[in-house]
Amino acid sequence: ARLAFQGQFQDEPGELGRRLALSSGIRDGRIRYQSEWPEVSAVDGWLSISGSTVDVAVMRAESAGASLSDSRVRVVDNGSAVDVTLDAQTDGGALLDFTRTTPLRQWLAFVEPGWTSAGPLRLSGDLSVPLGEDAAPLAVRLRADLEGVDLTLPEYRMALDELTGSFRYRYPYFVDAAGVSGRLFGE
């Protein structure tokens, strides 16, 4: 671990002229930020705390059914927002569960309770999740590489099977899935 402290020898009354920075490698660590978010385990990476920012460079980790690699999590402005650069291997069902059981559910309410999914996929992209009242709005730019994913949408009477290819999603309503193939109604 590395620790740096910068201060003044003579502070004026009420003046806070100090700054503390801490950085450390993480090996097989556990991170639990808030109770509403799942714990991240088996973390290998680097932690840096400086001023009002906490930055975690993740080489490898596990969370909510996903394997993370080459990702970055940055808690900014004393916890008003979390910025994530993500590279994760997961399963369609685990992704739906994550959406339904974390604070993301308030923004992604279009994900219906009856939706089911299974099959491997890889997610990459950026998310900025507001945690405080003064934070910027949710921002999501993700790419998903599907590797035979099944998705059932009972409200639409649709079952999409063996979805393969890449699609892009940008919050709130942009989806580009021109390169995806699969089966619908057995065809």
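Among contacts in the protein between residues at least 6 apart in sequence, what percentage join residues at least 24 apart? The share is 41%, with contact taken to mean heavy atoms within 4.5 Å. The structure is a predicted model, in which local features need pLDDT of at least 70 and side-chain atom pairs count only at pLDDT 80 or more, while totals for chains, interfaces and linings use all residues. Residues are numbered from 1 along each chain as its sequence is written, and side-chain values use heavy atoms, with hydrogens and water left out.

Along the principal axes, a box of roughly 75 × 35 × 30 Å holds the C-alpha atoms. Of the 187 residues, 33% are buried; buried stands for under 20% relative accessible area, exposed for over 50%, and partly exposed for values in between (1.4 Å probe, protein chains only). The exposed surface comes to about 11,700 Å², with 53% of it supplied by carbon and sulfur atoms; these areas follow the Shrake-Rupley method with a 1.4 Å probe, and for residues only the protein chains shown count as cover. The protein carries 18 positive and 27 negative charges, whose mean positions are 3 Å apart. In this count Lys and Arg are positive and Asp and Glu negative, with His and the chain ends not counted, and each charge is placed at NZ of Lys, CZ of Arg, CG of Asp or CD of Glu.

A pair of aromatic rings is described by the distance of the centres and the angle of the planes. The structure holds one such pair. The rings of Trp37 and Phe98 have centres 6.2 Å apart and planes at 50°, so the pair is tilted; rings of Phe, Tyr and Trp (its six-membered ring) pair if their centres lie within 6.5 Å, with planes under 30 degrees apart counted as stacked, over 60 as edge-to-face and the rest as tilted. Because Trp37 belongs to the loop between β2 (19-31) and β3 (40-50) and Phe98 to helix α1 (residues 92-101), the pair ties together parts that are 61 residues apart in sequence. Trp37 is buried at 15% relative accessibility, whereas Phe98 is partly exposed at 24%.

Thr102 is located in the loop between α1 and β7 (116-118) and is buried, with a relative accessible area of 1%. Between Thr102 and Pro38, 64 residues apart along the chain, the C-alpha separation is 7.8 Å.

Helix α1 also contains Leu95, which is partly exposed at 29% relative accessibility. Setting aside residues up to four places away in sequence, Leu95 touches Thr90, Leu121 and Leu123. Leu95 and Leu123 are 28 residues apart in sequence, and their C-alpha atoms lie 9.7 Å apart. Ser80, for its part, sits in the loop between β5 (66-76) and β6 (81-91) and is buried at 16% relative accessible area. Beyond its neighbours within four places in sequence, Ser80 is in contact with Val129, Pro130, Leu131, Gly132 and Ala135.

Several backbone features deserve a look as well. Arg157, although not a glycine, has a positive phi of about 55°. This arginine is placed in the loop between β9 (139-153) and β10 and is exposed, with a relative accessible area of 74%. Glu162 likewise has a positive phi, near 55°, but is placed in strand β10 and is partly exposed at 44% relative accessibility. A cis peptide bond, with omega near 10°, leads from Tyr171 to Pro172, and Pro172 is found in the loop between β10 (158-170) and β11 (174-176). Finally, Arg170 lies over the face of Phe174, at 4.4 Å from the ring centre; a charge sits over a ring if NZ of Lys or CZ of Arg is within 6 Å of the ring centre and within 35 degrees of the ring normal.

Definitions and conventions: Helix = DSSP H or I, 4+ residues; strand = E, 2+ residues; numbered from the N terminus.
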